[in-house]
Amino acid sequence: MGLMDGKVALIFGLANKNSIAWGITKRLHDEGAAIALSYAGEIMEKRVFPLANEINCDFVEPCDVTSDEQLDAIFAKVKDRYGRLDTLVHCVAFANREDLGGRFVDISREGFKLALDISAYSLIGMAKRAEPLMTDGGSIISLTYYAAEKVMPKYHVMAVAKAALETITRYLANDLGPKGIRVNAISAGPIKTLAAAGVPGFRMMLKYSEKAAPLRRLVSQEDVGDTALYLASDLSRNVTGETIHVDAGYNILGLTATEDELAGLVE
Ligand SMILES: NC(=O)c1ccc[n+]([C@@H]2O[C@H](COP(=O)([O-])OP(=O)(O)OC[C@H]3O[C@@H](n4cnc5c(N)ncnc54)[C@H](O)[C@@H]3O)[C@@H](O)[C@H]2O)c1
């Protein structure tokens with residue numbers, strides 16, 4: 001018996017084998033979920049189709065989340081195929097390179113709109129279309145980052161998008177709660193993926209997180225997959241509106257410098 005037996009999960013944001021979406025997909029599949037996959041568009045096909053094959057998934061559909069028509073189309077296909085939906089996973093984010101790094105005050109209006117549209121509004125657009133399919137309640141999960149709470153170098157427009165995403169999570173949780181639909185976010189520590197490569201200085205952040213985090217290790221796609229399984233399954237039946245950190249404890253620190261670094265300052 002798997003924790004996801006009989007449940008249907010629609011997962012957005014699979015780009016390649018390093019995607020957090022893939023870590024989550026594998027975990028939900030292992031526990032018996034029927035998996036429907038969505039990817040951004042044609043240029044992603046080469047990497048996405050072989051992954052779908054690995055789990056014998058034949059629901060693999062493109063959807064650019066900036067398009068209401070494409071969102072309508074994919075949810076209609078889920079309805080045709082499965083008749084309902086239990087789990088929705090949002091692993092989608094994008095910002096123009098010039099709006100990550102540089103100076104925060106230089107973020108352009110167009111860059112702001114684009115990043116917030118793709119990375120935050122899309123969760124509302126998906127939830128609206130998932131609601132009528134979640135006839136037996138459901139679980140909606142998205143991915144966020146600590147830069148929404150505290151200033152992190154270079155994260156800039158994406159930090160604003162993640163702050164919006166976390167607030168959207170709470171408002172959706174309140175709106176959809178009476179229907180038994182839970183909405184939560186996972187705040188993951190830094191993981192080497194395609195999206196992360198767009199953040200200047202990301203490799204340094206990885207190294208530093210590993211040194212500073214209480215558990216002294218990095219977070220993997222599998223770690224996020226396990227927490228996603230908890231949120232997708234009935235194990236978390238009374239948990240909603242939360243942002244759960246999967247970051248080896250980094251977010252609890254007030255001062256991230258190690259004892260050695262601090263000692264170095266006074267010598
Ligand atoms: N990697 C990290 O360190 C980290 C940490 C915390 C949170 N996150 C979040 O995890 C989520 C997944 O990112 P990832 O790190 O696995 O990288 P990734 O590049 O594998 O995934 C990002 C996905 O967003 C998709 N996407 C971008 N624009 C789109 C659009 N217009 N329509 C549809 N899809 C679009 C991409 O195709 C890609 O599949 C993102 O929300 C990211 O911000 C990542």
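**Figure 1. Surroundings of E31 in the predicted model.** The side chain of E31 comes within 2.8 Å of the backbone nitrogen of L3, a polar contact (a pair of N or O atoms within 3.5 Å; within protein, one must be able to donate a hydrogen and the other to accept it, and residues adjacent in sequence count only if both atoms are side-chain atoms). The model is predicted, with local features requiring pLDDT of at least 70 and side-chain atom pairs counted only at pLDDT 80 or more, whereas totals for chains, interfaces and linings use all residues. Residues are numbered from 1 along each chain as its sequence is written, and side-chain values use heavy atoms, with hydrogens and water left out. E31 belongs to the loop between α1 and β2; helices (H or I, at least four residues) and strands (E, at least two) are DSSP runs numbered from the N terminus. E31 counts as buried because its relative accessibility is 16%, where buried means under 20% relative accessible area, exposed over 50% and partly exposed in between (1.4 Å probe, protein chains only). Apart from neighbours within four places in sequence, E31 is in contact (heavy atoms within 4.5 Å) with G2, L3, M4, D5 and L229.

**Figure 2. Residues around the ligand.** The ligand is surrounded by 28 residues, and the closest are G13, S19, I20, I191 and T193; a residue is near a molecule or strand if one of its heavy atoms lies within 4 Å of it. A polar side-chain atom of T193 is 2.5 Å from an oxygen atom of the ligand. From a polar backbone atom of I191, the distance to a ligand oxygen atom is 2.7 Å. A15 places a backbone N or O atom 3.5 Å from an oxygen atom of the ligand.

**Figure 3. Lining of the largest pocket.** The volume of the largest pocket is about 1,100 Å³. Its lining comprises 42 residues, of which C91, V92, A93, F94 and A195 are the closest to the centre. Two or more lining residues come from each of α1 (20-30), β2 (34-39), β5, α5, α6 (194-197) and α7 (202-212). With three residues, α6 gives the most to this lining. By class, the lining of the largest pocket has 30 nonpolar, nine polar and three charged residues. Ala, Val, Leu, Ile, Met, Phe, Trp, Tyr, Cys and Pro count as nonpolar, Asp, Glu, Lys and Arg as charged, and the others, Gly among them, as polar. The search runs on a 1 Å grid over the protein atoms alone: a pocket is an open set of points with protein on both sides within 12 Å along at least five of seven lines, a cavity is a set of points where a 1.4 Å probe fits but cannot get out, and lining residues have an atom within 4 Å of a point. Grid points are joined across faces, edges and corners, and a volume is the space filled by probe spheres set on the points.

**Figure 4. Two cavities and S209.** The count of cavities of 30 Å³ or more is two. The largest cavity holds about 60 Å³ of space and is lined by Y145, Y146, S187, A188, G189, P190, S209, D247 and Y250. Five nonpolar, three polar and one charged residue make up the lining of the largest cavity. The second largest cavity, at about 50 Å³, is lined by G189, P190, S209, A213, R217, L218, V219, D247, A248 and Y250. Its lining divides into six nonpolar, two polar and two charged residues. S209 is located in helix α7 and counts as buried because its relative accessibility is 10%. Not counting residues up to four places away in sequence, S209 touches P190, L218 and Y250.

**Figure 5. The loop between β5 and α5, with the residue H156.** M152 occupies the loop between β5 (138-144) and α5 (156-176) and is buried, its relative accessible area being 13%. Leaving aside neighbours within four places in sequence, M152 is in contact with Y145, Y146, A147 and M205. K154 lies in the loop between β5 and α5 and is partly exposed, with a relative accessible area of 36%. The phi angle of K154 is near 70°, a positive value in a residue other than glycine. H156, placed in helix α5, has a phi near 30°, a positive value in a residue other than glycine. With a relative accessibility of 12%, H156 counts as buried.
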